[in-house]
Amino acid sequence: MKGKHYIGGQWASPASAETFDVINPSTEQLIEKVSAGNAQDVDAAVLAARKAFDEGPWPRMSGAERAGYLHKIAGIINRRLDELAKIEVLNNGKPYPEAKWDIEDTEGTFTFYAGLAEQMEPDKEEPIALTEPGFSSKAVQDPIGVAGAIIPWNFPLLMAAWKVAPALAAGCTMVLKPSEITPLTALALAEIVEEAGLPAGVLNIVTGLGSVAGQALAEHRGVDKLAFTGSVPTGSHIMREAARDIKNISLELGGKSPFVIFADSDIERAVEWIMFGIFWNQGQVCSATSRVLVEEPLYSALLKRLVEEAQKITIGDGAEEGVLLGPLVNANQYRKVVLAIERSVAEGATLVTGGKRPQGLDRGYFLEPTILADMDEDSDVWCEEIFGPVVCIKPFSSEADAIRMANDSRFGLAAAVMSKDEARCERVARAFRAGIVWVNCSQPTFVEAPWGGYKQSGIGRELGVWGLNNYLETKQITRYESDEPWGWYIKQVS
Ligand code: NAD
């Protein structure tokens with residue numbers, strides 16, 4: 001519902017009349033004004049989530065009952081698939097087929113976690129073998145409590161689902177703050193959970209700026225866990241906020257993911273995976289294939305084919321048929337990416353193709369697919385996340401050299417390797433210091449498999465059972481079993 005937050009199962013009027021503009025990046029036109037929630041709105045949302053957790057039915061019902069609601073949510077998403085995909089295109093700029101894919105994956109995420117919730121028996125316990133006689137012990141799991149979720153703009157609804165679905169499956173309640181750049185599908189999600197009849201306060205959604213609403217959520221004492229996806233500087237800031245009252249935290253942050261291609265690879269397959277890896281979602285992907293390392297004998301031929309294919313990509317409004325590359329998400333992101341390209345060239349990199357606004361597209365944040373080469377290994381463009389359709393390519397001379405170059409990064413989100421030699425692929429995959437490794441492909445993401453980074457790319461894992469565990473506490477229950485008095489302490493006293 002326009003201009004409201006979703007709090008305690010109601011569409012709540014905002015505490016202030018302040019709004020922010022939501023823009024269509026293909027046309028630079030205003031889509032609508034959305035409420036800029038403040039600390040008061042966030043406080044109301046956390047109180048509603050707190051009440052639902054402390055007093056409501058949600059954490060107390062069986063996993064199977066919670067699964068029923070998650071299946072209902074998935075069903076409504078499926079019914080509204082086309083409409084939701086069109087909202088993502090309008091607000092984020094991504095091409096329609098990719099937006100449709102996002103919404104299908106969103107539905108899949110709710111269905112998957114419904115499946116895990118169904119397997120959660122309320123009395124499930126794991127016996128613990130103790131060496132001490134007279135005692136028995138077991139481990140049980142509890143939902144963490146109230147979770148605060150703060151998400152980015154690159155996969156607006158999907159990033160919400162990666163947090164909402166496992167948190168709800170676990171029995172947590174949640175306050176979600178979507179990105180101020182792309183809040184529209186999060187508001188649609190509020191309509192969806194309302195239609196699904198989710199008990200009041202289980203999911204609360206407050207729109208607003210990061211520095212105001214996000215900040216208020218990160219520092220709220222009623223929140224037990226923070227689940228954040230976004231940039232490293234914001235993640236680092238949120239970690240400091242969480243440290244104040246020792247909130248549980250999981251962070252999914254940036255990346256600068258390498259793709260190591262050995263000379264025995266099929267050149268056409270390599271080109272296809274690189275293109276998908278760096279140009280889907282306009283390169284605004286945390287795991288994007290932004291550093292390509294090619295074994296020397298293949299380097300020139302591969303670069304030539306990559307340039308030919310990159311120059312063929314159809315650029316335009318994501319709503320138009322045949323478009324493969326939409327606009328960057330907003331003016332700020334466009335400026336940042338163009339500046340990074342200009343700076344890299346000033347520092348000695350070669351602009352092989354792209355780097356400018358495509359001809360005939362005067363409005364919208366459009367940028368040609370860009371390939372850079374000959375940069376230094378310690379240059380910003382090689383080391384820092386650009387988050388745009390910009391790939392850096394370098395040759396390497398040996399397997400050891402490739403592994404060293406790939407791992408020489410403060411990030412460790414994803415990495416990929418391609419070769420016909422299976423043993424070599426396995427060796428390199430094991431040697432990568434990254435949480436997600438692809439062999440003979442790049443980017444395919446599956447809800448069943450763990451997602452998250454080493455080093456500055458984050459803490460914790462989303463998706464799969466690992467994602468559910470993010471929202472669970474483990475408790476030991478230890479029992480004194482003997483009919484005899486224990487006696488040890490009394491003996492010491494007397
Ligand atoms: P961002 O850090 O600017 O913003 C992310 C969220 O944090 C937004 O909702 C924003 O409003 C909020 N925020 C900003 N300041 C805040 C504050 N002081 N307190 C609380 N919240 C605050 O990131 P972005 O530009 O939206 O997204 C791009 C980044 O996200 C990239 O670095 C990308 O790599 C990363 N990302 C990572 C993954 C992953 O799974 N690892 C997935 C998608 C995006």
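Visitor: How much area is buried between domain 1 and domain 2?
Guide: In this predicted model, about 2100 Å² is buried between domain 1 and domain 2, and carbon and sulfur atoms give 55% of that area. Buried area is the accessible area (1.4 Å probe) that two parts lose on being put together, summed over both.

Visitor: Which residues of domain 1 lose the most area to domain 2?
Guide: They are Glu-28, Trp-153 and Ser-457, which together account for 24% of what the domain 1 side buries.

Visitor: And where are the bounds of the two domains?
Guide: Domain 1 covers 5–253 + 457–477, and domain 2 covers 258–439; such bounds come from an automatic or database domain assignment. Residues are numbered from 1 along each chain as its sequence is written.

Visitor: How many residues are in contact there?
Guide: 24 residues of domain 1 are in contact with 30 residues of domain 2, contact being heavy atoms within 4.5 Å.

Visitor: How many salt bridges cross the interface?
Guide: The rule finds one across the interface of domain 1 and domain 2. A salt bridge requires a side-chain nitrogen of Lys or Arg within 4 Å of a carboxyl oxygen of Asp or Glu. Glu-28 is paired in this way with Arg-363, their closest N and O atoms being 4.0 Å apart.

Visitor: New topic: how many residues surround the ligand?
Guide: 28 residues surround the ligand, and the closest are Ile-151, Glu-180, Ser-231, Leu-253 and Glu-385. A residue is counted if one of its heavy atoms lies within 4 Å of the molecule.

Visitor: What lies 2.5 Å from an oxygen atom of the ligand?
Guide: That is a polar side-chain atom of Glu-180. For Lys-177, a polar side-chain atom lies 2.9 Å from a ligand oxygen atom, and for Trp-451 the corresponding distance is 3.0 Å.

Visitor: What pLDDT do side-chain atom pairs need?
Guide: Side-chain atom pairs count only at pLDDT 80 or more, local features need at least 70, and totals for chains, interfaces and linings use all residues; side-chain values use heavy atoms, with hydrogens and water left out.

Key:
Polar contact = N/O pair within 3.5 Å; in protein donor to acceptor, adjacent residues only side chain to side chain.
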